[in-house]
Amino acid sequence: MSGDATLDDLRTVADYQFGADAGAALFPVDEDVTVRRSTSGRPRQVTCDAGRIVSYRTDGRFTLGVEGGRRLRSVLPHPEYSVVVGDESAPFVRDGKNVFAKFVSEVGDAVRPRDEVVVVHEDGAVLGVGRAELAAAEMHDFSTGMAVKVRSGAGPE
């Protein structure tokens, strides 16, 4: 993407990475978001008053901020691009600790290793965001191992 990337371009990337309507959810037309750029003009971070929505990696994909995770959860069908955990893991994920396979109760079928995912509680609350380390089937089948490397926890309730 060129240094002249517009929010429309970023919406297109989000739709490609997360599915239809993700771009509109992450970067609503009627909201004032801030795009921080590198010295060459390439988008690096997109933020709003509520916090970081996404960072734009050099490989052309987004990493989610907690605010971006909340926005995605509002439009994507459950549990698409999500990993669901119960009460036992929730406080740890909120603190930014990783999710282990044995605590995963549900996961979107299309989740693959290195995908950006939202970690949610069984009640639907966003607990954090991170990178999947296992595929969905492996998260269900394994009783050991890291399922999600959590980048940011949502903090206390």
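## A walk through the model

Start with everything selected: of the 157 residues of the protein, 47% count as buried, meaning under 20% relative accessible area with a 1.4 Å probe and protein chains only. You're looking at a predicted model, where local features need pLDDT of at least 70, side-chain atom pairs count only at pLDDT 80 or more, and totals for chains, interfaces and linings use all residues. Residues are numbered from 1 along each chain as its sequence is written, and side-chain values use heavy atoms, with hydrogens and water left out.

Next, select the aromatic rings. Rings of Phe, Tyr and Trp (its six-membered ring) pair if their centres lie within 6.5 Å; planes under 30 degrees apart are stacked, over 60 edge-to-face, and the rest tilted. That gives three aromatic pairs. Zoom in on F18 and Y81: their ring centres sit 5.5 Å apart with planes at 80°, so this pair is edge-to-face. F18 belongs to helix α1 (residues 7-18) and Y81 to the loop between α3 (66-75) and β5 (82-85), so the pair ties together parts that are 63 residues apart in sequence. Both F18 and Y81 are buried.

Now pick F27, Y56 and F62, which ring pairs link into a cluster.

Last, show contacts (heavy atoms within 4.5 Å): among those between residues at least 6 apart in sequence, 52% join residues at least 24 apart.

Conventions: Helices (H or I, at least four residues) and strands (E, at least two) are DSSP runs, numbered from the N terminus. Buried means under 20% relative accessible area, exposed over 50%, partly exposed in between (1.4 Å probe, protein chains only).
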